[in-house]
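Please open the model beside this note. The points below take its helices, strands and charged pairs in turn.

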Amino acid sequence: MARLISLLTAVAAVVGTAQATLPTEWTPICKEIEAKISKASDVIYPIQASSFTSAITHWFWSSYEQPSCVFAPGSAEDVSVALQIIGATKTPFAVQSGGHSSNPGFSSTKGVHISLKKLDQVKLSADKSVAEIGFGNIWTDVYKALDDTGKNVVGGRVPGPGVGGFTLGGGYSWKTSQYGLTCDTVKSYELVLPNGTITRVSKTRNPDLFFALKGGLNRFGIVTSAEFYTHDQPEKVYGGLGIYPTSAVDKVLNATSEFSYLNKDPRTQIITTLEGGPLGTTSFVLFFHDGPEKPASFELFDDITPLIKTVKSQSFVSFVQTFPAQVRELTNIRGGFISFSTTELSRTFLEAIREETDAISKIMGLHGGITVSYDIEPFTKYGEHATESAFPHTESPLPLNIYFAWSLPKNDEFWYARMNQTHETLKKVAIDDGIYSDAFTYYPNYSLFDATPQELYGNENAARLARIRDQIDPNRIMELAGGYKI
């Protein structure tokens, strides 16, 4: 991460200084916002190279755009001021929490870039049953703040993702089998509506918006914080990472499929990843059990010899921080996610994933390929914890996250086409194997930029979201920001 910031800061120091003398058509809007906000907030310009670059950092380099300025609000009131100015002037804008979106333009802009980083509060209620969390946090910072309190929340699984986009997209967690998606554990949101009104959204107050914010992402205003229900956190969890060679991939897939059928303990979870490369397909498994002792279901992997294994009893914070997710920031030059879900993880389906990984590995070097990755995620019946949400998940869909990265813009067309091809190939296998449901939709946080409302939410929910949008945003202020269409 430090290397990436240093590199981009050096670039921004040159580019930013030049652009600072050449105001854009939206620079006057930045100046107007700067003049009307409180001292709790900042407006940052390209000439302020280090802080400017840090504020627009994304996990994928291709998600960057050079904005006219960064607005870093320190309060919901200042978000309201800025959003009213943006709406009145029809200025393009973006809202960024952690910057983990792979889709260009979804959290970046050439206009006013709103960075929520200053909204970083983590406050436990007096009885510790609820945590108020600012949407400028990343999840590892939340876990650090809650460490030693005996409480935790349902949040991100690896270093990097921010609270905001993760929660508003649904939020698959290590705790999902126990408590549902992250959005299922939200008590209330603090929302700045498109017209600048600050309101509280909950099951009993603005219930339609409460439904919409559970998967509807940034289409209904700017969420500045949320109250999350907490749960007891054991002092130690058992988990870590296992990395396996090409020769062990078949055994890893067998064990993963068996695990998906045999494990009934909602405290126990794995993610199995197949990763392609010039030397073939390798695999790694993230193991998690929400308690200090090794669960019996992990024994399925005991006879598979790893290259590296870091699984042990440790604190939850330590467990999450051990994953080398941020190494990707040095190689994620361009890329994206695409996804669909299945009802089961059959051996036939997992073998098809292996075949796709092998096939793409052989040609990725010809097209600037860097990463070809498939994340397989067995959960127990987490749908029993589902609340009324824009993203439907009462039937416990099992998401497959397909993640490709590459080096050059000239390769975009090839890789986006190849992502769609592997998506359709594997979807057909799932249909033929009887493990695909037409009722399942695409998980918003794993989806490509061209996913339709019907693909993300289903026909009924998509129509309801459009009605809610028409009510609270008749002037389409939020469409000045990138994101999925409603």
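1. First, some terms. Buried means under 20% relative accessible area, exposed means over 50%, and partly exposed is in between (1.4 Å probe, protein chains only). Helices (H or I, at least four residues) and strands (E, at least two) are DSSP runs, numbered from the N terminus.

2. A word on the source. This is a predicted model, where local features need pLDDT of at least 70 and side-chain atom pairs count only at pLDDT 80 or more, while totals for chains, interfaces and linings use all residues. Residues are numbered from 1 along each chain as its sequence is written, and side-chain values use heavy atoms, with hydrogens and water left out.

3. Start with helix H2, residues 27–36. Which residues of H2 are buried? They are Thr27, Ile29, Cys30 and Ile33. Down the axis of H2, the buried residues fall within an arc of 155° (taken from the directions from the helix axis to the C-beta atoms), so they line one face of the helix. An α-helix has 3.6 residues a turn, so residues three or four places apart point the same way.

4. Now look at both sides of H2. Strand E1 (42–44), E2, helix H4 (76–89) and E4 are among the elements that cover its buried residues. The face turned away from the buried side carries the exposed residues Pro28, Ala35 and Lys36.

5. Lys36 also takes part in a salt bridge, with Glu32 as its partner. The term means a side-chain nitrogen of Lys or Arg within 4 Å of a carboxyl oxygen of Asp or Glu. Here the closest N and O atoms are 3.2 Å apart. Lys36 and Glu32 are four residues apart in H2, which means about one helical turn separates them. Glu32 is partly exposed, at 30% relative accessible area. By this rule, the count comes to 20 salt bridges.

6. Another pair is Lys110 and Glu65, at 3.4 Å from N to O. Lys110 is partly exposed at 49%. Glu65 is partly exposed at 24%.

7. Compare Asp412 and Arg334, whose side chains meet in a salt bridge at 2.8 Å, N to O. Asp412 sits in helix H12 (residues 412–432) and Arg334 in strand E17 (residues 334–342), so this pair ties together parts 78 residues apart in sequence. Are these two buried or exposed? Asp412 is buried at 16%, and Arg334 is buried at 19%. Elsewhere, salt bridges that share partners join Arg469, Asp470, Arg476 and Glu479 into one network.

8. Stay with strand E17. Nine of its nine residues are buried, so E17 is largely enclosed by the rest of the structure. One side holds Arg334, Gly336, Ile338, Phe340 and Thr342. The other holds Gly335, Phe337, Ser339 and Ser341. E17 pairs with strand E19 (residues 398–406) in the antiparallel sense over nine bridges; pairing needs at least two DSSP bridges between the strands. The bridge partner of Thr342 in E19 is Leu398.

9. Last, strand E8 (residues 186–192). Five of its seven residues are buried. E8 runs antiparallel to strand E10 (residues 222–229), joined by six bridges. Five bridges join E8 to strand E9 (residues 198–202), also antiparallel. Ser188 stands opposite Ser202 in E9. The hairpin of E8 and E9 has five residues between the strands, and in it Gly196 takes a positive phi near 95°.

Terms used: Contact means heavy atoms within 4.5 Å.
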